[in-house]
Amino acid sequence: MRLEGKIAVITGGSRGIGRAIALRYAAEGADIVVNYRQDEAAARDTVAAIEALGRRALALRADVSRRADVRELFAKTVAHFGRLDILVNNAGINRVCFFEEITDQDWDDILGTNLKGPFICCQEAFAHLKERGGRIINIASVAGQYHGPKTVHYAVSKAGLISLTAAVARYGAPHGILVNAVAPGIIETDLTRDELRGPGGQNIVALTLLKRPGQLDDVASACVFLASDEQNYMTGQVLAVSGGAVLP
Ligand code: NAP
């Protein structure tokens, strides 16, 4: 039980990687706020799975790109569980297309969810985490390190998130708030299922040393490590869970 008694908010915790992190954290003894934006049924299903593990869980709707939603998310978390220990900025979206096809709306939506969202969540969580220290884990992507050709807006959002991780770590350090990022390679979820079936996804797999996509638990276990007392001296860093992606 590496997270016994901790209270964790996981944005986009209802599906995919966020759900896997939520279940691993619960299995390690944490109580969980499962944030979602629109799929309430998925969030309720994840809450039920956490409760089946014997932990408490709460599904809370909030669009991470909206300040008022996020403020309410943390206010309700603290009202329900009494405090906050861990924030995982996992909510993210992507729209695969070439640079010249990206619309202003695509840019605003992707930067809004993937970068402005974590910025707002870090700011709003700080007030609560400052009381006794805590952890922030940002789910970036190897795309933020190699500037993926078919996802320029997504790559820029994740590069920004890596920068935000290091920048916010400076402000967290005096308060005992450790801020790190996990950069997954390609993991099979709703976000990547179609891509993985096509040549684009197969090309990404071919660029890994392990020649296969990653599993949800590969990312979740890295997030347990970063949230736990197994490490107390890492901050502002990026942990790649990418099958040894060889960046072109
Ligand atoms: P996913 O299966 O599509 O799940 C996305 C989750 O984010 C859902 O719970 C969704 O909730 C939530 N969400 C989306 N926009 C939101 C918003 N504005 N506010 C609050 N919640 C929002 O995606 P995934 O593959 O698990 O990806 C999770 C994270 O890992 C993302 O940040 C992604 O960029 C990153 N990542 C994924 C991969 C991969 O290969 N899968 C690789 C590298 C990085 P609703 O269903 O309610 O909308």
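Which backbone atom lies 2.7 Å from an oxygen atom of the ligand? Select Asn90: a backbone N or O atom there sits 2.7 Å from a ligand oxygen, a polar contact (a pair of N or O atoms within 3.5 Å). Before moving on, note that this is a predicted model, where local features need pLDDT of at least 70 and side-chain atom pairs count only at pLDDT 80 or more, while totals for chains, interfaces and linings use all residues. Residues are numbered from 1 along each chain as its sequence is written, and side-chain values use heavy atoms, with hydrogens and water left out.

Stay with the ligand and pick Ser14, whose side chain has an N or O atom 2.7 Å from a ligand oxygen. Then try Ile187, where a polar backbone atom is 2.7 Å from an oxygen atom of the ligand. The protein covers 97% of the 890 Å² of accessible area that the ligand has on its own (Shrake-Rupley method, 1.4 Å probe).

Next, show the cysteines. You'll find zero disulfides (cysteine sulfur atoms within 2.5 Å). Cys122 is buried at 3% relative accessibility (buried is under 20% relative accessible area, exposed over 50%, with a 1.4 Å probe and protein chains only). Now click Cys223, which is buried at 0%; its closest cysteine sulfur, in Cys122, is 14 Å away, too far for a bond.

Last stop: select Leu209, which is exposed at 62% relative accessible area.

How values were computed: A polar contact is a pair of N or O atoms within 3.5 Å; within protein, one must be able to donate a hydrogen and the other to accept it, and residues adjacent in sequence count only if both atoms are side-chain atoms.
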